[in-house]
Structure formats: structure tokens, C-alpha cells
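Welcome! Please take a look at the sequence and the 3D view below before reading on.

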Amino acid sequence: MPRHQASQARRQEIDSLDAWSFFHLGLNHIYRFTEHDNALSAQYFKEALARAPNFARAHAGLSFVAFQRAFTGFGSDRAAAAQDALRAAEMAMAQSPDDPFSNFVLGRSYWVLQDLDSATHYLEQAVALNPNYAQGHYSLGLVQALNGATSHIDERADQAKRLSPLDPLLYGIY
């Protein structure tokens, strides 16, 4: 769905795009896992927010971008990137606390900040809100394992693979 939405957006004049289109253009670049594409994603999510300041998913997208900066080392200040991820995730949650993506990015923000109990809580919320959320299952299993609860990691990973066999985070699931 995001690829289709991004493809449609690319066929339009940039000035005619709405927040939803910019959001999907951002998603289209975020899963390429390069510093350049991560920066493009941030620009698109910011454009989405310029058109709709309360668009929770665009805030969540900015959190994802900042998480990648912190996790991969894109940029020079991982601690600042982790804090940026948390702030953007909190903005997403303020706008839409029942959105699985908002809970997911907040959980991953706590993960990168090494608050594994809070990370577990929000990732559990993400999969409770959407039991079909493959990335939520994968991340929850990983955080639980990092926190010493390894008994369910294979089950979580298998569930994530079944739910999304072409997932952009499949490398992590394996």
C-alpha cells in the first residue's frame, strides 16, 4: 500500500500533494536504510506536518527517522537522535494514542534509550492494537530477549515472518 501511494504521489505536481502523499513518499525512502534516503524521509514527513501539524503518523515517521539515525549512527550524535526519536514519538502518541505505529515508534524509542520495560509496554500495546503488526511482533520479541525473556523470541519472529514475508525489516526478523 505505501509503495502504491508513493507511486501515485510521484505522478503529481509537488505543489498539489497533501499530507497523506508526503507521508507515503517518506515511507518509500525510510526502508532503504541509507543516510541519504533517511534524510529524504525526514523532509517528506516534515512536508506532511507542514500541511497537517496534528498528523500522528507523520510525527511517527519522524521518530522512525531519528531512531535510524541513533541506531545506525547516521550523523554524529546518537544520543541527540535518540532524544529526537522519543520527542517525535511522544508527539505521535499525543495525537493518536490508539495508533499501532505511534505505539511502535514510542516503544522503539525507549529501546534505543535502553529503557526496556517501557519499550516492552509500548510494543505490547502496538501488537494488542493490531495483532497483525509484523514489525511490532518482531520488535517486541527482540526487546523481550534483550530484557532476559528469551522464551518467546522464536514464536514472535515466526509470527512476524508469517504476517509479512516481504517485510522491509525481514533482515532483523531473521
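## About the model

This is a predicted model, in which local features need pLDDT of at least 70 and side-chain atom pairs count only at pLDDT 80 or more, while totals for chains, interfaces and linings use all residues. Residues are numbered from 1 along each chain as its sequence is written, and side-chain values use heavy atoms, leaving out hydrogens and water.

## Ser 102 in its helix

Let's start with Ser 102, which sits in helix H6 (residues 100-112). Helices are DSSP runs (H or I, at least four residues), numbered from the N terminus. Ser 102 counts as buried because its relative accessibility is 0%; buried means under 20% relative accessible area, exposed over 50% and partly exposed in between, with a 1.4 Å probe and protein chains only.

Leaving aside residues up to four places away in sequence, Ser 102 touches Ala 56, Ala 60, Ala 92, Met 93 and Ser 96. Contact here means heavy atoms within 4.5 Å.

## Charged pairs

The whole structure holds 6 salt bridges, each a side-chain nitrogen of Lys or Arg within 4 Å of a carboxyl oxygen of Asp or Glu. One of them joins Arg 32 and Asp 37, with the closest N and O atoms 3.6 Å apart. Arg 32 is partly exposed at 42%, whereas Asp 37 is buried at 10%.

Another joins Asp 99 to Arg 57, at 2.7 Å between the closest N and O atoms. This pair links distant parts of the chain, 42 residues apart: Asp 99 lies in the loop between helix H5 (78-95) and H6, and Arg 57 in helix H4 (residues 56-72).

Definitions and conventions
Helices (H or I, at least four residues) and strands (E, at least two) are DSSP runs, numbered from the N terminus.
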